[in-house]
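Please keep the sequence and the coordinates open while reading.

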Amino acid sequence: MNSVSVDNFERMPIWYHPIYTEGIHPDARFPRERYARLVHRILKSPKSELIEVLEPKEASREDLLLAHDEEYVDQFLQGELDDKKIRRIGLTPWTPAIIPRTLRLMGGSVEAMAHVAKTGGLAANMAGGTHHAHRDFGSGYCIFNDLAVCAYLAIEKYNFQKVAILDLDVHQGDGTASIFENDERVLTISVHCSKNFPFRKSKSDYDLEIIPDLGDKEYLKTVEEALQICSNFNPDLVLFQAGVDSLETDALGLLKVTREGMKKRNEMVFDTVLSSKIPMVIFMGGGYSKPIEHTIDSFCDLFLKAAEVNQQILNS
């Protein structure tokens, strides 16, 4: 893994660190191996020359405070969260590596944000999309909300005016919705299964719900609606939560989307940014298929297609 250089700007950068896997306890109810197996798959792909895999630095405390309560941030960083708050997050049993893992994961998103602010095009984190984290608590495998941190960085540091958060994970982006509830600079769009976690939902700017067991046709129609809403907002940056847990093979999804349907979803999203050359940061999001290989297949499809589109944007 290398550092970004001018010679590599045409390649799409993806931030990844082995601690994404190793920082989760082997006994946790979470498919931690998906990160290591996905990066291996991408690097073995014939299209790997379109991608540069980079190692993230740790996000700073100041980065976290952009979107999170100071007391909550400091309790986590000092290892002082109580058992109730830890259980709400999950990923248990925790190891001492959970703190550096979280900071590296957040750092991957922060660096991807910085990259597109400087160069345009697309960049990605091979983790993140932690949309269940609220301002003062974590939930659903999410400790801090990297989408929210990146949106605030985009506006307050990089002078973007309008940021769209397009969340296509099967679970509602409740934390993101609550953080930006009264912020007109940030549009929150969530396409999710109506009967899935979180069972007490927040209010996004647009919540497009899909009932359980629906497949490609209904799913893609809803995605099309979400993309039209996004385009009507006329954002100058899109943050894409690209979870693939709507797959029919997903253990937590409740929908019946095929791998081909997921590919079509990605094409629709990338066609939108390609036509307008809007910068985009891609966050990996959820994926819990059994076997996990189906999730890895779809994430590989996602990142390789994104890399192709990135090259098209930067070469046009």
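Which residues of H10 are buried? In this predicted model, they are Gly261, Met262, Arg265, Asn266, Met268, Val269, Phe270, Thr272 and Val273.

**Helix H10**
- H10 consists of 18 residues, and its first and last C-alpha atoms are 27 Å apart, close to the 26 Å expected at 1.5 Å a residue.
- Lys277 follows H10 and has a positive phi, near 55°.

**Asp250**
- The loop between strand E7 (237-241) and helix H10 (259-276) holds Asp250.
- Asp250 is buried but forms no salt bridge, and the nearest side chain of opposite charge is that of Arg34, 7.0 Å away.
- A polar atom of the Asp250 side chain lies 2.5 Å from the backbone nitrogen of Tyr288.
- Beyond its neighbours within four places in sequence, Asp250 contacts Val244, Asp245, Gly287, Tyr288, Ser289 and Thr295.

**Arg101**
- Arg101 belongs to helix H6 (residues 98-119).
- Arg101 is likewise buried without a salt bridge; Glu22, with the nearest side chain of opposite charge, is 9.8 Å away.
- When residues up to four places away in sequence are not counted, Arg101 touches Ile19, Tyr20, Gly23, Ile24 and Tyr35.

Conventions: Residues are numbered from 1 along each chain as its sequence is written. This is a predicted model: local features need pLDDT of at least 70, side-chain atom pairs count only at pLDDT 80 or more; totals for chains, interfaces and linings use all residues. Side-chain values use heavy atoms; hydrogens and water are left out. Helices (H or I, at least four residues) and strands (E, at least two) are DSSP runs, numbered from the N terminus. Buried means under 20% relative accessible area, exposed over 50%, partly exposed in between (1.4 Å probe, protein chains only). Lys and Arg count as positive and Asp and Glu as negative; His and the chain ends are not counted. A salt bridge is a side-chain nitrogen of Lys or Arg within 4 Å of a carboxyl oxygen of Asp or Glu. A polar contact is a pair of N or O atoms within 3.5 Å; within protein, one must be able to donate a hydrogen and the other to accept it, and residues adjacent in sequence count only if both atoms are side-chain atoms. Contact means heavy atoms within 4.5 Å. The expected span of a helix is 1.5 Å times one less than its number of residues.
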